[in-house]
Amino acid sequence: MASYTAESSLDSRWCSDDGDDDDETDTEADMWVKTRLIRDADAVLDIAKPRSAAGRVLASNISKHISAELEHRLNTASTYAIADTSKTQSALEAPMQNNSYRQLLFSDTASAMSKDERSAATANVFAGFQEWIAPESIQHQPIGAPSTPPDNTCGDNMDDAKQIHTSVQSFIYFVAQQIDSFISALGADALGEHRTYRRLLPCMNQECHPSNTGNAPTIEAGITTQHRDSSIELLNNFCYADAFAVIEARPGKTRRIVDKAYAQLMKSTRSIYKAQFDRRFAFGLTVCDNEVRVCLFSNDVVFSSSALDMSTGIWSPTIHRAASLLVSLPMTTSWDSTQQSTGTRITTAGPSSVLTQQTSHHALQPQKRTTLTRCYQEQTAFSVGTRGAFLVTDERPSGDEIKPKFSLKDTWPEATEDPTRDRRDEVMFMRRITEELANSDVEDLVYPKLEAGGRVSIDTDGGRFEDNTKNALGPLYSLRKPDNAAIPFRVHKRLVMSPIGEPLETVESVHELIVVLGDAMRCHSEVLRRCNILHRDISDNNILVVREEGKQPRGLLIDFDCAVDVSEHQAPNPENVGTFPYRSINNLFGSNVERTELDDWESLFYLLCHCATVGIGERYRRSPEEMKKLSIITWHIWDSETAGDVKKSRLCCVQDFEQRIVRRFNQAQPDIEYLQRLARGLYMGLFDNRALKNPRYWGRSREVLEECPNQVSPPRSG
């Protein structure tokens, strides 16, 4: 899978225009803010609303109740203000509701019943955020005063940030209490389809942690969900595995401070996707003084609402919108319920053929596909392009023993809206591979087999709709990225495949690594020969180790979502595809040379060098700290042009390759000389192969040799 790189984010046209000159080197997250953030997208607040009419009515009335309570407390009125629900009662008539339910839902009595239930308990909580929404609460910079902090400030005052966090937490906690009061007055049956409603609660770690966007520490805080039947408690431990949303608070509201808050929020939210494999999309909040911005994270961009100024008046529509947001968010589809729902349908390419996910898939558990180091992740800009593989079985488990048979791949690739015009459909490629390689004459060939797969559709009360970015994002989909490019159309796909395998990092020896890589490239060559499909993403994520009883470990090549059909006319293709550290030099530079199988073999060469440098097995593997000191780590960072230049300099001649790459292989690894010999052979075949005289094979890698006339022969001792 293609990893995010910063090449597109180096365009100075999208730098901050507030006049603050940043002397610091921009972090990757700072680049995201400049190139991936769509500001003032207020439709984010509409996306957060429930889909069903009944859900919208319920959320609206709870929000009115909370806003009325806030108005009452802020005005210190002697009478209790009750939300007027008469208009919403006539405006939305949900057919699925019976008369008794409607009468109960819109009853003023229900709101009145909750008036005194927790008034005393919420008094202290209300006081905790009352100052936050009052102008005098921000002492270091009064609301309405000119924003004139020093140019180098990033809102890093931890005491002020903690005060803001505490106020925001009090507000969320107050809303949670009011929701409980309202629902308790109605009764659980009134929730209808949302009877499993989970309340939102704030959580914050007491200790500060090093920031991902600078030297200043950051407070880890956010929102988690809790079953409504449990008691409301303040939570002091923030955990990404349980987080619903991240909150990033900073004192001050200059453009620079707001952007630093965005950057930290983006870094933190990626951790949610890493920890929650079933996460559909994520929300986040930045709070700069008393300005709140709501963010929605999609695969390619982050949408941010305009600022909600919590101090703009006593009875403010802003406060109502903030309360409405907290009521509605638990009703959204932030998690992918289709992984456990029998209402999910996977439409295949066959004539009117539909595969329904059955409950007979008894075991659904993540198949951990980690990388060898933490320098790169299998992700798009913010969420995961491929959410991962899950091990499933169609057999009822016997006792506690579960034997998975298939791997279920859950992915959101770029596609065409018309499935028949999707020329790079992985499902189509996998079907062809499964059919063609069944007749292969290659002995003991291991290849991926498609059991079922297609686009995911979701059945709802309003009918069936395809799960894609256009339907999921609604009006946000029509917005443009900062470079004026369109938001990519992505569609939710599932593929059920066999056999299953383990990550490449589980190989136990040099010999096992060589066998596994060899098997994977045998499959690569056979797929190209028989199916005319070029893989284009040879990486550690896409080669698995197959271990079957009574057989030696073998290698399995997977993930054909970057593949192309080479039987069609291939014009020069400058796109950057594949996992960043293993891209060929041609690929990194986006040259006008046609991509061929040599680019994939070059990727294998980089993968081999990386494995040999890191080491194999826990006993011999170098730590990330050790890896940072080695020049090979520069293959994994920076932008494409710089990474391409680095590879050119390391591979310009055999002598440099020997000194700067081969001699840095992990010498503590037993049998490392076999990997050295294999790496030298691949180098000579790719970069010093005089048999490749056709210019179509040259590209930038050939120019490397022409720039280094004083080459030396490789040592024969290897």
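Reader: Where is Asp559 found?

Author: In this predicted model, Asp559 sits in the loop between β19 (554-557) and β20 (564-565).

Reader: Why is Asp559 called buried?

Author: Its relative accessible area is 3%, and buried means under 20%, so Asp559 gets that label.

Reader: What is the phi of Asp559 near?

Author: Phi of Asp559 is near 60°, which is a positive value, and the residue isn't a glycine. Most residues other than glycine have a negative phi.

Reader: What about Arg536: which loop holds it, and what is its phi?

Author: Arg536 belongs to the loop between β17 (533-534) and β18 (543-546). Its phi is positive, about 70°, and Arg536 isn't a glycine either.

Reader: Is Arg536 buried or exposed, and how do you know?

Author: Relative accessibility for Arg536 is 7%. The cut-off for buried is under 20%, so Arg536 counts as buried.

Reader: Where does Ser298 lie, and why is Ser298 called buried?

Author: You'll find Ser298 in the loop between β6 (291-297) and β7 (302-304). Its relative accessible area is 10%; buried means under 20%, so Ser298 is buried.

Reader: How do you know what kind of peptide bond runs from Ser498 to Pro499?

Author: Omega is near -5° there, and the bond is cis. Most peptide bonds are trans. Pro499 itself lies in the loop between β16 (493-498) and α13 (510-531).

Terms used
Residues are numbered from 1 along each chain as its sequence is written. This is a predicted model: local features need pLDDT of at least 70, side-chain atom pairs count only at pLDDT 80 or more; totals for chains, interfaces and linings use all residues. Side-chain values use heavy atoms; hydrogens and water are left out. Helices (H or I, at least four residues) and strands (E, at least two) are DSSP runs, numbered from the N terminus. Buried means under 20% relative accessible area, exposed over 50%, partly exposed in between (1.4 Å probe, protein chains only).
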